Amino acid sequence: MHHLKRTAALGLHGVIDRLGAELYHKFAERKIDKIITAESSGIMIAQAIAGHCSVPFIYAKKKRPLTMREFYAASSYSFTKQESTTLYVSEEVIQPRERLLFADDFYAAGSTCKAIEQIVEQAGATLVGVA
């Protein structure tokens, strides 16, 4: 049984890595500085794309840590959870004029994407695509 679980996990990793490679090729000419996502479900795909692009990835937090004193924030509504939330990104991790690609695992109505767009705009950066 343990062997089956391990094999399934490696299979998922391979699929995520292939998806990351495909999305890298789709957006490669856009000169991406960072990949951005929202915690937590988008992290796997964002990390895979970032690895292929050789750039860092960052994620918007759903709860602001006490240590995050300066931040960008925007409201988002989760249709899968039927609740509103605020997304937070530390001002330390997005610089003005950076070019970011938003990656997520699921799109219902685009609320998370709109919130990320607002955060990127607040930072003076540019959203160069949505994966």
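Let's start with Glu 98 and its contacts. Leaving out residues up to four places away in sequence, Glu 98 touches Asp 33, Lys 34, Val 93, Ala 125 and Thr 126. Contact here means heavy atoms within 4.5 Å. Glu 98 sits in the loop between β4 (83-90) and β5. Helices (H or I, at least four residues) and strands (E, at least two) are DSSP runs, numbered from the N terminus.

Is Glu 98 buried or exposed? Glu 98 is buried, at a relative accessible area of 14%. The cut-offs: buried is under 20% relative accessible area, exposed is over 50%, partly exposed is in between, with a 1.4 Å probe and protein chains only. The Glu 98 side chain also makes a polar contact with the side chain of Lys 34, at 3.1 Å. A polar contact is a pair of N or O atoms within 3.5 Å; within protein, one must be able to donate a hydrogen and the other to accept it, and residues adjacent in sequence count only if both atoms are side-chain atoms.

A word on the source. This is a predicted model, where local features need pLDDT of at least 70 and side-chain atom pairs count only at pLDDT 80 or more, while totals for chains, interfaces and linings use all residues. Residues are numbered from 1 along each chain as its sequence is written, and side-chain values use heavy atoms, with hydrogens and water left out.

Now the overall layout. The chain has 3 helices and 6 strands. From the N terminus, the order is α-β-α-β-β-β-β-α-β. Of its 131 residues, 37% count as buried.

Next, the open sheet. Its 4 strands run in the order β2-β1-β5-β6, with parallel pairing. Strands pair if DSSP finds at least two bridges between them. β2 (57-60) and β6 (126-130) are the edges; each has a single partner strand, so one side of each lacks a neighbour in the sheet. From one strand to the next, the twist averages 35 degrees.

β1 (residues 34-38) pairs with β2 in the parallel sense, over 4 bridges. Thr 37 has Tyr 59 in β2 as its bridge partner. Helix α2 (residues 43-53) lies across β1, β2 and β5 (99-102), at about 175 degrees to β1. Axes are lines fitted to C-alpha atoms, for helices over the stretch in contact; angles run from 0 to 180 degrees between N-to-C directions.

On to the cores. A nonpolar core is a set of buried Ala, Val, Leu, Ile, Met, Phe, Trp, Tyr and Cys residues joined through side-chain atoms within 4.5 Å. The largest one has 18 residues, and Ile 36, Leu 87 and Ile 116 are among those with the most contacts inside it. β1, β2, β3 (71-78), β4, β5 and α3 (111-122) each supply at least two residues. Which element gives the most to this core? That is α3, with 5 residues. Apart from this core lies another, of 14 residues, including Leu 23 and Ile 49.

Take Ile 116, in helix α3. Ile 116 is buried, with a relative accessible area of 0%. Not counting residues up to four places away in sequence, Ile 116 touches Ile 36, Thr 37, Ala 60, Leu 87 and Phe 102. Its C-alpha atom is separated by 8.0 Å from that of Ala 38, 78 residues apart along the chain.

Last, the cysteines. Cys 53 is buried, at 17% relative accessible area. Cys 113 is buried too, at 13%. How many disulfides are there? The count is 0, taking a disulfide as a pair of cysteine sulfur atoms within 2.5 Å.
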